[in-house]
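Student: Could you walk me through this one while I have it open? I'd like to ask things as they come up.

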There are 2 protein chains.
Amino acid sequence: MRKIILNEKDMPDFYYNVQVDLPEPLLPPLHPVTREPIKADDLKPIFPQSLIKQETSDEREIEIPKKVRDKYLSYRPTPLIRALALEEYLNTPARIYYKHEGISPAGSHKLNTAIPQAYFNSIEGIRSLTTETGAGQWGSALSMACSFFNLKCKVFMVKASFEQKPYRRILMELFDAQVLPSPSSTTESGRKTLETDPNSPGSLGIAISEAVEEAVKNPDTNYALGSVLNHVLLHQSIIGLEVKKQLKLADESPEILIGCVGGGSNFGGLIAPFVKKKIKNNQIRLIAVEPSVAASLTKGIFEYDYGDTMGFTPLLAMYTLGHNFVPPPIHAGGLRYHGMAPIISNLYKNKIIEACSYDQKSIFEAARIFAKTEGITPAPESAHAIKKAIDEALIAKEEKKERTIVFLLSGHGYLDLSAYEKNREIN
Amino acid sequence: MRKIILNEKDMPDFYYNVQVDLPEPLLPPLHPVTREPIKADDLKPIFPQSLIKQETSDEREIEIPKKVRDKYLSYRPTPLIRALALEEYLNTPARIYYKHEGISPAGSHKLNTAIPQAYFNSIEGIRSLTTETGAGQWGSALSMACSFFNLKCKVFMVKASFEQKPYRRILMELFDAQVLPSPSSTTESGRKTLETDPNSPGSLGIAISEAVEEAVKNPDTNYALGSVLNHVLLHQSIIGLEVKKQLKLADESPEILIGCVGGGSNFGGLIAPFVKKKIKNNQIRLIAVEPSVAASLTKGIFEYDYGDTMGFTPLLAMYTLGHNFVPPPIHAGGLRYHGMAPIISNLYKNKIIEACSYDQKSIFEAARIFAKTEGITPAPESAHAIKKAIDEALIAKEEKKERTIVFLLSGHGYLDLSAYEKNREIN
C-alpha cells in the first residue's frame with residue numbers, strides 16, 4: 001500500500017493532551033511584570049476562555065467541536081504515504097513513511113490550530129485576531145480560518161519573509177487579511193525596534209510583540225499564536241492520532257518519529273500520542289530537527305524567558321537562545337524562533353526526545369532529492385525532517401536493519417520556490 | 001460525507017477510450033505538406049509507437065501499465081469533495097461537488113498524462129522529451145514525470161507566462177528541466193516569429209512549433225503534447241472513471257458536469273465515461289467553459305487546421321480560431337490555445353456537449369468566492385469551471401431544484417498568485 005488513507009469517520013473526535021503524560025509537571029508561566037505565576041485572568045485580554053482552559057487542562061482527551069470537525073473534513077484525514085521512490089533511490093532496507101500535511105488548503109499543518117482558534121474566539125464574541133507570521137504558513141492558515149468564521153485578521157509578517165515571499169502576502173490578502181511587514185511603524189514595539197535598527201529584518205519575537213500590543217489595546221481583538229503554547233500543540237495532536245491509526249492499518253510499529261521544530265507545534269502534534277509508550281518501554285525514538293542558526297534545543301539553555309522580544313508575554317520555562325536573539329534571515333522562516341514550546345522543552349530536558357540540527361545547504365539538498373523522487377516540493381522547514389529521515393535511512397542501510405521511519409511533511413514548498421532558487425545560487 | 005475517497009485498489013486499471021462512443025467517427029488528421037490522411041509512420045519522428053497506437057485505438061478499455069499505476073498512486077485516487085461551504089454561501093438547493101486534481105504533486109491534472117507519456121517514451125529508448133507550456137502546469141508535470149523515468153526535458157514556455165510566473169520556471173528547473181521563453185532564438189520557428197514581432201508575447205501555437213522542430217531534428221528526442229490529442233484525453237479519462245465511482249458511492253446521479261477547456265484534456269477526461277449515457281438518454285449536461293478571449297468552440301469554426309502556428313503538425317479537424325491566432329496575454333495561460341481537441345470538437349459539433357465563455361474579471365470573482373468558502377485557491381483556468389458551477393447553482397436556486405452539479409478543479413493556484421494580485425488591480 002502506497003498511501004494509507006483513513007475514512008472521514010476515522011478522523012479523531014478528541015485531541016490528545018500530552019500534558020498528562022509528561023515525566024514532570026510543566027513549570028507555570030510567570031507574569032511578565034510581577035514574575036509571579038500567572039492566573040487565568042491575566043490571559044483574558046488576549047485569549048478566549050476556552051483556549052485558556054485548554055492551556056492548563058489535566059484531561060487526557062479534549063473534544064473537537066463539531067464546527068471545527070466540519071472544517072477539518074475539507075482536507076483531513078491527511079494521507080500517510082510510503083516513500084517508495086525515496087527508499088529505492090537511497091537503496092535502504094528502511095521503510096520510510098511521511099505524513100503529508102502539505103495537502104491542507106493553507107499548505108501546512110498550521111490550519112489544524114488556526115481553525116479551532118478562530119472558532120473559539122468567534123463563539124466568545126471576538127471580532128478580530130492579530131498574529132505574527134514567519135514564513136507565512138501560519139499567517140495564511142489564520143487568514144483562511146478567520147475568513148471561515150467571519151473574523152477580521154491582521155498579520156505582522158517578519159520583514160525578511162515579507163520581502164522574500166510576496167505570494168504568501170497575496171494569499172493572505174486573498175482571504176481579506178491585512179498584512180504588515182514587521183517591524184512596522186504602527187505599533188510602539190515596532191517603532192522602538194526601528195529606532196535601534198532601521199534595517200532590521202525582523203524576527204518572530206518582534207512580530208509577536210507587535211501583534212500582542214495590538215490585541216491588548218483593542219477589547220474586541222484577541223491574539224493568536226501559531227506554535228509554542230500548550231493549546232496549539234494540543235490541536236496539532238490530531239496529526240499524531242491519525243498517524244497512530246494509519247501505522248496500525250499498515251501493521252507497522254514505528255521505531256523513529258521525526259519532525260522539524262521552530263516553536264515545536266508540528267513535532268509536538270506528531271509525537272503527542274507516542275510519548276506514553278516511549279516513557280513506558282523506550283522502544284521508539286522521537287527526534288526534533290532544528291536549523292543550526294536557530295537551534296534552541298541543541299544550543300540554547302533551559303530557563304524562564306519571554307515568548308516575544310519586547311517582554312510583553314508571560315515568561316515561559318523553555319529552552320531559549322534569549323528573547324533578544326535575532327537569527328540571520330534563513331529561508332525556513334518558520335523556524336526562526338528563539339524559544340521552544342514548554343512541552344517540547346520539558347520532554348527534551350527529561351531525555352524523552354532527541355534533537356539535532358542541520359545547516360541550510362544540507363536541508364535544501366535533501367529537499368531536492370525528495371522532490372525528484374517523491375515528486376513533492378517540500379517547505380524548507382519540512383526539509384529539515386526529510387534530511388534527518390534520509391540520514392537515519394542511510395544508517396539503517398549500513399546496519400542492514402529494516403527500520404520503520406516516519407517523518408512529518410509539515411507543508412509544501414510551492415510558495416518557497418524563490419528560496420530554492422536562491423539556495424541554488426549559494427551552492 | 002464531505003469528501004468521497006476511493007481506496008487505492010479502486011483506482012481504475014484501464015483508461016476509457018471515448019473514441020468508441022463518438023456519434024460519428026473522427027476525421028483523420030492530414031499530413032501538413034501533402035494534406036493526405038497521415039499514416040502511423042508519419043508520427044514516428046515525434047511520438048513512440050505505443051502512443052501512436054492509442055491515438056487511433058478502437059478498443060474501449062486500454063490497460064494502465066503497472067509502472068504508471070505505481071506513480072499514479074502517489075496522489076491518486078483524488079478526492080471528490082462536496083462544496084458545502086460554497087453551497088451555504090450561495091444558499092442554493094443544488095449539491096455541488098468538485099473533483100480535486102490540484103492535490104497532484106505537479107499541481108494539476110496534467111500529471112495524469114505526463115506520467116504515461118514519459119513512461120512509454122522511456123521504454124521505447126527515447127532519452128529526451130521536448131514540449132511547450134502555457135501557464136506552466138503542463139511543463140511542471142512533464143518535468144516531474146521525466147525526472148521519474150530518467151528522461152531529459154526541454155520546455156518552451158510561452159513568454160507571457162515565463163515573465164508572469166517565475167515560480168513555475170523554478171519548479172521545472174528543480175526537476176532538472178531546461179526552460180526557454182518562447183519564441184526563443186534557439187529554433188528556426190522562434191527566430192522567424194521574432195523577426196516579424198520582436199516583442200511577441202508568444203502563444204501555445206508558437207511554442208509547439210519550437211518543441212516539434214527540436215524533436216524532429218534529434219533522433220533520440222520525442223515531443224510530448226499536454227492536451228488536444230486523443231491519447232492525452234485517453235489518459236485523462238482516469239478522472240472521469242474515478243468521478244463515476246465516487247458519485248455512485250455518494251448515491252448521486254449527476255445532472256451537470258463542468259470543466260474548463262483550453263485544448264480540452266481535463267474536460268475530455270472528466271466526461272469520457274459519461275458520453276455513452278448522454279447519447280443514450282440525454283439526462284446529463286456536459287458543459288465546456290472557455291475564456292472569452294480564446295473561445296474556439298463558441299467563436300471558432302470547425303475546419304482542418306494546424307495544431308501549431310508554423311504548420312509543422314498534422315492538420316486536425318477541429319474548432320479553431322485559426323493557427324495564426326495569438327490571444328491577448330490573459331492570466332489563465334493554460335487556456336490560450338487557438339484550437340480544440342478533435343474529440344471535443346466532434347462532440348460539440350454533434351451537440352453532445354455545450355459550451356460557454358467568461359471574461360477574466362468574472363472568473364476571478366468566482367475564484368475569490370471559492371477560495372473564501374472552500375479554502376482552496378484555484379488555478380485561473382479552473383476558475384472558469386467554478387464560475388459556471390456557481391451560475392448553474394444560482395439557476396437551480398431560482399428554479400428551486402435540487403440539482404447535482406459536478407465540476408473539475410483542474411489545478412491549484414498557488415503559483416498563480418501574481419495573477420490574483422494583478423487582477424485585483426484591474427477591478
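Student: Before that, what kind of model is it, and how is everything labelled?

Tutor: It is a predicted model, in which local features need pLDDT of at least 70 and side-chain atom pairs count only at pLDDT 80 or more, while totals for chains, interfaces and linings use all residues. Residues are numbered from 1 along each chain as its sequence is written, chains are lettered from A and ligands numbered from 1 in the order in which they are written, and side-chain values use heavy atoms, with hydrogens and water left out.

Student: OK, how many residues of chain A are in contact with chain B?

Tutor: On the chain A side there are 48 residues in contact with 49 residues of chain B, where contact means heavy atoms within 4.5 Å. The two chains bury about 3800 Å² between them, and 56% of that is on carbon and sulfur atoms; buried area here is the accessible area (1.4 Å probe) that two parts lose on being put together, summed over both.

Student: And which residues in chain A lose the most area?

Tutor: Those are A:Tyr167, A:Leu174 and A:Tyr414, which together give 20% of what the chain A side buries.

Student: Switching to helices: how do helix 5 and helix 7 of chain A sit relative to each other?

Tutor: Helix 5 (residues 137-148) and helix 7 (residues 166-174) of chain A have axes that come within 8 Å and cross at roughly 10°. Helices (H or I, at least four residues) and strands (E, at least two) are DSSP runs, numbered from the N terminus, and the axes are lines fitted to C-alpha atoms, for helices over the stretch in contact, with angles running from 0 to 180 degrees between N-to-C directions. The two helices of chain A are therefore roughly parallel, a term for angles under 35 degrees.

Student: Which residues meet there?

Tutor: From helix 5 of chain A there are A:Gln137, A:Gly139, A:Ser140 and A:Ser143, and they meet A:Arg168, A:Leu171 and A:Met172 of helix 7 of chain A.

Student: What about helix 5 and helix 7 in chain B, at what angle do they pack?

Tutor: In chain B, helix 5 and helix 7 pack at an angle of about 10°, with their axes 8 Å apart. That contact is made by B:Gln137, B:Gly139, B:Ser140 and B:Ser143 on helix 5 of chain B, together with B:Arg168, B:Leu171 and B:Met172 on helix 7 of chain B.

Student: Is helix 14 of chain A mostly covered or mostly open?

Tutor: Helix 14 (residues 342-349) of chain A is mostly covered, with six of its eight residues buried; buried means under 20% relative accessible area and exposed means over 50%, with partly exposed in between (1.4 Å probe, protein chains only). The buried ones are A:Pro342, A:Ile343, A:Ile344, A:Ser345, A:Asn346 and A:Leu347, and among the elements covering them are helix 10 (230-249) and strand 12 (301-306) of chain A.

Student: Why does A:Glu242 count as buried?

Tutor: A:Glu242, which is found in helix 10 of chain A, counts as buried because its relative accessibility is 0%. Leaving aside neighbours within four places in sequence, A:Glu242 has contacts that include A:Leu6, A:Arg76, A:Pro77 and A:Lys99. A:Leu6 is 236 residues away from A:Glu242 in sequence, yet the C-alpha to C-alpha distance is 7.9 Å.

Student: What kind of peptide bond joins A:Arg76 and A:Pro77?

Tutor: It is a cis peptide bond, with omega of about -15°, and A:Pro77 is placed in the loop between helix 2 (66-72) and strand 4 (80-82) of chain A. In chain B, a cis peptide bond joins B:Ser182 and B:Pro183, with omega of about 5°. B:Ser182 is also one of the contacts of B:Phe156, a residue of strand 7 (residues 152-158) of chain B that is buried, its relative accessible area being 0%.

Conventions. Angles under 35 degrees count as roughly parallel, over 145 as roughly antiparallel, 65 to 115 as roughly perpendicular and the rest as oblique.
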